[in-house]
Amino acid sequence: MDGQAGKSSAIRVKTLFFGPLAELIGSREIDVSLIEGASLQDLIERFELSEMISSGLRVAIDGEIQDSKGATLHDSAEIAFLPPVSGG
(Lines give C-alpha, C1' and ligand atoms only; values in the text may rest on other atoms or scores of the structure.)
Protein backbone atom coordinates (compact mmCIF):
# COMPACT_ATOMS: atom_id res chain seq x y z
CA MET A 1 0.00 0.00 0.00
CA ASP A 2 1.10 3.57 -0.51
CA GLY A 3 0.00 5.05 2.82
CA GLN A 4 -3.56 5.70 1.68
CA ALA A 5 -5.19 3.24 4.11
CA GLY A 6 -7.57 4.98 6.47
CA LYS A 7 -7.70 8.22 4.48
CA SER A 8 -11.08 9.72 3.71
CA SER A 9 -12.33 10.36 0.22
CA ALA A 10 -13.13 13.82 -1.02
CA ILE A 11 -16.54 15.09 -2.05
CA ARG A 12 -17.38 18.06 -4.22
CA VAL A 13 -20.33 20.36 -3.51
CA LYS A 14 -21.73 23.34 -5.39
CA THR A 15 -22.26 26.43 -3.26
CA LEU A 16 -24.65 29.16 -4.38
CA PHE A 17 -24.68 32.69 -2.96
CA PHE A 18 -27.50 35.19 -3.41
CA GLY A 19 -28.06 38.92 -3.01
CA PRO A 20 -25.43 40.99 -1.23
CA LEU A 21 -23.73 37.79 -0.08
CA ALA A 22 -22.72 37.03 -3.69
CA GLU A 23 -21.10 40.45 -3.87
CA LEU A 24 -19.30 39.90 -0.56
CA ILE A 25 -18.00 36.47 -1.60
CA GLY A 26 -17.19 37.69 -5.10
CA SER A 27 -19.12 34.96 -6.92
CA ARG A 28 -22.61 33.51 -7.21
CA GLU A 29 -21.38 29.93 -7.53
CA ILE A 30 -18.30 28.09 -6.23
CA ASP A 31 -17.47 24.38 -6.39
CA VAL A 32 -15.84 23.26 -3.14
CA SER A 33 -13.93 20.08 -2.31
CA LEU A 34 -14.41 18.72 1.20
CA ILE A 35 -13.47 15.58 3.09
CA GLU A 36 -16.17 12.91 2.97
CA GLY A 37 -18.28 13.23 6.12
CA ALA A 38 -17.92 17.02 6.25
CA SER A 39 -20.84 18.87 7.79
CA LEU A 40 -22.70 22.00 6.83
CA GLN A 41 -20.93 23.69 9.75
CA ASP A 42 -17.56 22.89 8.12
CA LEU A 43 -18.69 24.70 4.97
CA ILE A 44 -20.08 27.64 6.96
CA GLU A 45 -16.72 28.00 8.72
CA ARG A 46 -14.77 27.74 5.46
CA PHE A 47 -16.59 30.83 4.13
CA GLU A 48 -16.54 32.56 7.56
CA LEU A 49 -20.33 32.85 7.64
CA SER A 50 -21.02 31.90 11.28
CA GLU A 51 -21.88 35.46 12.28
CA MET A 52 -24.22 35.83 9.30
CA ILE A 53 -25.97 32.55 10.23
CA SER A 54 -26.62 34.07 13.66
CA SER A 55 -28.10 37.13 11.91
CA GLY A 56 -30.63 35.22 9.81
CA LEU A 57 -28.71 33.72 6.87
CA ARG A 58 -30.52 30.51 5.88
CA VAL A 59 -28.97 27.49 4.20
CA ALA A 60 -30.60 24.94 1.89
CA ILE A 61 -29.13 21.60 0.86
CA ASP A 62 -30.56 20.31 -2.41
CA GLY A 63 -33.49 22.73 -2.11
CA GLU A 64 -34.40 21.94 1.52
CA ILE A 65 -33.86 24.56 4.23
CA GLN A 66 -31.67 23.17 7.00
CA ASP A 67 -32.11 23.84 10.69
CA SER A 68 -29.18 21.65 11.73
CA LYS A 69 -25.72 22.91 10.91
CA GLY A 70 -24.49 19.39 11.72
CA ALA A 71 -26.10 17.96 8.57
CA THR A 72 -23.63 15.78 6.68
CA LEU A 73 -22.91 16.87 3.13
CA HIS A 74 -22.81 14.42 0.24
CA ASP A 75 -21.02 14.41 -3.09
CA SER A 76 -22.66 16.65 -5.72
CA ALA A 77 -24.86 18.39 -3.14
CA GLU A 78 -26.06 21.90 -3.94
CA ILE A 79 -25.80 24.26 -0.97
CA ALA A 80 -27.55 27.61 -1.24
CA PHE A 81 -26.82 30.45 1.19
CA LEU A 82 -29.92 32.62 1.38
CA PRO A 83 -29.72 36.04 3.03
CA PRO A 84 -32.73 37.27 4.97
CA VAL A 85 -35.29 39.06 2.84
CA SER A 86 -35.64 42.74 3.55
CA GLY A 87 -38.09 45.14 2.17
CA GLY A 88 -40.04 48.17 2.92
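The paragraphs below go from the overall fold to the strands and then to the charged pairs. This is a predicted model in which local features need pLDDT of at least 70 and side-chain atom pairs count only at pLDDT 80 or more, while totals for chains, interfaces and linings use all residues. Residues are numbered from 1 along each chain as its sequence is written, and side-chain values use heavy atoms, with hydrogens and water left out.

The protein has three helices and five strands, taken as DSSP runs numbered from the N terminus (helices H or I, at least four residues; strands E, at least two). Their order from the N terminus is β-α-β-α-α-β-β-β. Of the 88 residues, 32% are buried, where buried means under 20% relative accessible area, exposed over 50%, and partly exposed in between (1.4 Å probe, protein chains only).

The five strands form an open sheet with mixed pairing, in the order β2-β1-β5-β3-β4. Each of the edge strands, β2 (29-35) and β4 (64-65), has a single partner strand, so one side of each lacks a neighbour in the sheet. Strands pair if DSSP finds at least two bridges between them; β1 (residues 10-17) and β2 run antiparallel and are joined by seven. Within this pairing, Lys14 lies opposite Asp31 in β2.

Side chains of opposite charge can pair when their charged atoms come close. There are two salt bridges, each a side-chain nitrogen of Lys or Arg within 4 Å of a carboxyl oxygen of Asp or Glu. One joins Glu29 and Lys14 (3.9 Å, N to O); Glu29 belongs to strand β2 and Lys14 to strand β1, 15 residues apart. Glu29 is partly exposed at 44% relative accessible area, and Lys14 is partly exposed at 31%. Another joins Asp67 and Arg58, with the closest N and O atoms 3.5 Å apart. Asp67 is exposed at 70%, whereas Arg58 is partly exposed at 39%.
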